[in-house]
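Hello,

Here is the structure I said I would pass on. My notes on what was found in it follow below.

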Amino acid sequence: MSETVKMIKAKFNDVEYELPAGLTVLQAAQQIGVPIPYFCWHKHLSISGNCRMCLVETKPGPPKPVVACGTPLNDGMEVFTETDTIKNARRAVLQFLLLNHPLDCPVCDEAYECKLQDYTYAYGPEVSRFVPFHDKKRIYKREDLGKMWVEMNRCIECTRCVRFLKEVAGEYELERMHRGHNLKIHTYKQAFESDFALNAADLCPVGALEDKKYHFSARNWDLIKVPSICPSCSIGCNIEIHSLDGRIRRLLPRENEAVNACWMCDAGRHNFDFVADNRLSGAQARLDADLEAVELDAALDFAHAKLEEVRSVHGGETIGVLTSPWMTNEELFAAKKLGTLLGAGKVGVLTGYNHRPVVPVMSDILPKTLVSDDKSPNSTGARLLNLTEGEEEFTFAHELITAIEDGKIKSLILFHEDLLVRPDFDSTALRKALALLDFLLVVSTRPLTVAAQAHLVLPAQTWAEKNGTFTNHGKRVQRIRKAVTPAQNTWDELSLVTALGRRFEADFGYETFKDAFAAMAAEEAAFAGLTLKGVGQLGTVVQTEKPSAD
């Protein structure tokens, strides 16, 4: 039974509101839509109250302005946010902050996303009183701290970065040094070592900390922003993909308190170059000794002929299908259907496992809560689709290889997995096993070592080029969305599988991923009753009695 929330009454600018007890004045103002500017406050950080931008007047209260971020809202309190005293206080605060701030907005990556810029336009003075007495601005040299540029000239000493690294990341890598006019944020290290340091750049309201990978890459107002899911591990961090001219420029965390709060690791944040670089372009078939470029229709006809030949000579049970946890739920579902259609003897996936406990992200420091051992996004989805057996990693793949060596598997459809470069497999023995196959079909986004032995290679699309869903380690189904134009002559796995199915006179009826999602929700027990509307922007947890191995 849920507890009853105590409500109190308070006035903001002479308008009375009923609000939950326990809020600060700033939190209450945010709930009712009363604007109060701030720099240093953040809901996941301790209250600092040092920027003084959120000053308000209160009754009853002291005879001077108080900080809204650190003042509890009490029953019967009156709050005033737009008095002449408060407006003058805001102008005075901005005068001090702009005293040494450089006029480098045209070359600052934070421009258009800068709180100081916004507040200066909204509240700032037209003329500074300090100009006649302050000839030179304080100047610091820009510093390279590995992942970030540090521009202390822009810093307003809000200490968000310091508090984040201490309290949330558990890393004491930044601290305030000196005092007063000479105060600066700095580190005793040569470079940031925290795996979550770039979240400090997100928190910085003025561009004092800059992501080096994004630096001078694009103007923020030109970016196309699409909500998606990070594919770098089984956590399934909610993100926004920011692209320009068809190329991803950066990934930023998107708020979802049930998954990643508003954070993400630096590795996931920078893991997007593979979308544009080193891609396969067009299908390749081994019509003679070497792989040759062919049209997609011809490639699918070739696959149909070879698979039909294997079925007629050896039987459908000699066909194996090795899927990948980098495929969406819908693609895995369709691949499973294809295996059933072909009568495949082995259909499975090369899953990873997260051996860490699944705990709320803000329950401890990020290195303990936002890290997974499973570096693939959809292992849980594959398990819920019953594509794997056993309780350890790579069980199915090892069984499949043994079956090839024993002559029980004569043809293999392999999605994405470059087994020859994995330390978990004996590459020499694996090459010999693959050489025994009558037909090897490889579906991948990039050239794989294993493709050197393939009879047919089909180029697929990355997670940023298609629509679908992933299931994270907490069994939360979440949507990915097409954010950039797919690389030339590539196809998503759902289209490839359904097109191949048609060659065998079976129409799965999946014209789009939405069709496949609906069919999966209708046929798979773990996903029963799911709708895309129910998944929404933040995902939904599937209800199943079968425990996830994560």
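Strands S14 (residues 283-286) and S15 are paired antiparallel, with 4 bridges between them. One of the residues involved is Ala283, whose bridge partner in S15 is Val294. Please keep in mind that this is a predicted model.

The pair belongs to an open sheet of 7 strands, which run in the order S15-S14-S20-S19-S18-S16-S17 with mixed pairing. At the edges are S15 (291-294) and S17 (346-349); each has a single partner strand, so one side of each has no neighbour in the sheet. From one strand to the next, the twist averages 15 degrees. Helix H8 packs on this sheet and touches S16 (319-323), S17 and S18 (411-415). The direction of H8 makes about 175 degrees with that of S16.

H8 (329-342) is also one of the elements against which the buried residues of helix H14 pack. The others are strands S21 (468-471) and S22 (476-480), and helices H13 (493-503) and H15 (532-535). Within H14 (residues 513-523), the buried residues are Phe513, Ala516, Phe517, Ala519, Met520 and Ala521. As background, an α-helix has 3.6 residues a turn, so residues three or four places apart point the same way.

A separate item is Ser234, in the loop that lies between strand S11 (224-229) and strand S12 (238-244). Is Ser234 buried or exposed? Its relative accessible area is 2%, so Ser234 counts as buried, the cut-off being under 20%. Leaving aside residues up to four places away in sequence, Ser234 touches Asn354, Ser372, Asp374, Ser376, Pro377, Asn472 and His473.

Regards

Technical notes
Residues numbered from 1 in each chain as written. Predicted model: local features only at pLDDT ≥ 70, side-chain atom pairs only at ≥ 80, totals over all residues. Heavy atoms only, no water. Buried < 20%, exposed > 50% of the residue type's maximum accessible area, 1.4 Å probe, protein only. Helix = DSSP H or I, 4+ residues; strand = E, 2+ residues; numbered from the N terminus. Contact = heavy atoms within 4.5 Å. Pairing = 2+ DSSP bridges. Axes fitted to C-alpha atoms, helices over the stretch in contact; angles between N-to-C directions.
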